[in-house]
Amino acid sequence: MNPQLVSPDAAFQQTYTEALREFHAENRNLEQDVIILSRDFAGYVRHLEKQSTDERREGLVPETYYWLVDDSVYIGRVSVRHTLNNRLMQFGGHIGYEIRPTKRRMGYGKRILQLGLAKARLLGITRALVTCDDDNIGSAKIIEANGGILENTVLLNHRAVATRRYWIDVVG
Ligand SMILES: CC(C)(COP(=O)(O)OP(=O)(O)OC[C@H]1O[C@@H](n2cnc3c(N)ncnc32)[C@H](O)[C@@H]1OP(=O)(O)O)[C@@H](O)C(=O)NCCC(=O)NCCS
């Protein structure tokens, strides 16, 4: 196992699409349509690249996407938000990640956050906020294994489940 973070790349279209079908089977990422994506995958990659610039829609901070690949197979994604706004300060934080369903519980989750934190450091983030649902045991373990210190658990108006807010000192 030698997973690495890469920038989104059309070379991974096939295994990305297979992963998307897995996410759909658990009702995640439904906003992405396999057929539409297959018509212009390179355009989707360009769309992701553009998220890291300052020209995002109002209310969205610049966010850089990376894909975790292992042996040329798409495993999951992590994104790093360059700054926090009021909304992200409560929910979402600096870093979001997901591992495709068939590749879970193999340690990729811990690794993707570790690698994502290194990317955050390169963006000048020295203290990263990472949040997860109070009942997301896997994610809480990932954050804690990466040095997360729980600040608090908050019940937000728009969320049925309480949100755990962790801070991680990002070492250089
Ligand atoms: C949460 C998620 C990233 C975990 O990824 P993963 O690759 O399975 O994580 P790991 O294999 O590194 O597991 C980390 C730890 O959590 C445990 N774990 C993982 N999923 C678990 C689950 N559903 N229930 C209980 N424990 C779980 C693992 O056994 C491991 O425990 P250990 O430290 O005692 O060995 C993955 O389930 C996922 O993508 N979920 C949907 C999106 C999501 O929740 N993203 C995080 C948002 S904050």
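Two residues are taken to be in contact when heavy atoms of one lie within 4.5 Å of heavy atoms of the other. The structure described here is a predicted model. On the contact criterion, and with residues up to four places away in sequence not counted, His94 touches Ser79, Val80, Arg81, Leu84, Ile125, Arg127, Ala128, Leu129 and Trp167. His94 lies in the loop between α4 (86–90) and β4. The relative accessible area of His94 is 6%, so the residue is buried. Among its contacts, Val80 is 14 residues from His94 in sequence, and the two C-alpha atoms are 5.6 Å apart in space.

The overall organisation of the chain was considered next. The protein chain contains six helices and seven strands. Along the sequence, these elements follow the order β-α-α-α-β-β-α-β-α-β-α-β-β. The C-alpha atoms occupy a box of roughly 45 × 35 × 35 Å along the principal axes. The radius of gyration of the protein chain is 16 Å, which agrees with the value near 16 Å for a compact globule of 172 residues. Of the 172 residues, 47% are buried. Among contacts with a separation of 6 or more, 59% join residues 24 or more positions apart in the protein chain.

Helix α3 spans residues 41–50. The buried residues in this helix are Phe41, Gly43, Tyr44, Val45 and Leu48. The elements that cover the buried residues of α3 include α1 (13–25), α2 (34–39) and β2 (63–70). Gln51 is located in the loop between α3 and β2. Gln51 counts as buried because its relative accessibility is 11%, and the cut-off for a buried residue is under 20%. Leaving out residues up to four places away in sequence, Gln51 touches Arg56, Val61, Pro62, Glu63 and Tyr65.

The packing of two helices was examined in terms of their axes. Two packed helices are described by the angle between their axes and by the distance between those axes. Helix α5 covers residues 108–122 and helix α6 covers residues 137–145. The axes of α5 and α6 come within 9 Å and cross at roughly 45°. The arrangement of α5 relative to α6 is therefore oblique. The crossing of α5 past α6 is right-handed. On the α5 side, the residues that meet the other helix are Gly109, Lys110 and Leu113. Their counterparts in α6 are Lys141, Ile142, Ile143 and Ala145. Sorted by class, the contact of α5 with α6 comprises four nonpolar residues, one polar residue and two charged residues.

Two further positions in α6 were considered. Gly138 belongs to helix α6. The relative accessible area of Gly138 is 39%, so this residue is partly exposed. Gly138 and Gly109 are 29 residues apart along the chain, and their C-alpha atoms are separated by 8.2 Å. Gly109 is one of the α5 residues in the contact with α6. Ile137 is also placed in helix α6. With a relative accessible area of 61%, Ile137 is exposed. Between Ile137 and Asn152 there are 15 positions in sequence and 16 Å in space, taken from C-alpha to C-alpha.

Backbone angles were also considered. Most residues other than glycine have a negative phi. Ser72, a residue other than glycine, has a positive phi near 65°. Ser72 is situated in the loop between β2 and β3 (73–81). The relative accessibility of Ser72 is 57%, and the residue therefore counts as exposed. Arg105, which is not a glycine, likewise has a positive phi, of about 60°. Arg105 is situated in the loop between β4 (95–99) and α5. Arg105 has a relative accessible area of 88% and is exposed.

Conventions: Residues are numbered from 1 along each chain as its sequence is written. This is a predicted model: local features need pLDDT of at least 70, side-chain atom pairs count only at pLDDT 80 or more; totals for chains, interfaces and linings use all residues. Side-chain values use heavy atoms; hydrogens and water are left out. Axes are lines fitted to C-alpha atoms, for helices over the stretch in contact, and angles run from 0 to 180 degrees between N-to-C directions. Helices (H or I, at least four residues) and strands (E, at least two) are DSSP runs, numbered from the N terminus. Angles under 35 degrees count as roughly parallel, over 145 as roughly antiparallel, 65 to 115 as roughly perpendicular and the rest as oblique. A crossing is left-handed if the near helix is turned anticlockwise from the far one by less than a right angle, and right-handed if clockwise. Ala, Val, Leu, Ile, Met, Phe, Trp, Tyr, Cys and Pro count as nonpolar, Asp, Glu, Lys and Arg as charged, and the others, Gly among them, as polar. Buried means under 20% relative accessible area, exposed over 50%, partly exposed in between (1.4 Å probe, protein chains only). The radius of gyration is taken over C-alpha atoms; the globule rule is 2.2 Å times the number of residues to the power 0.38.
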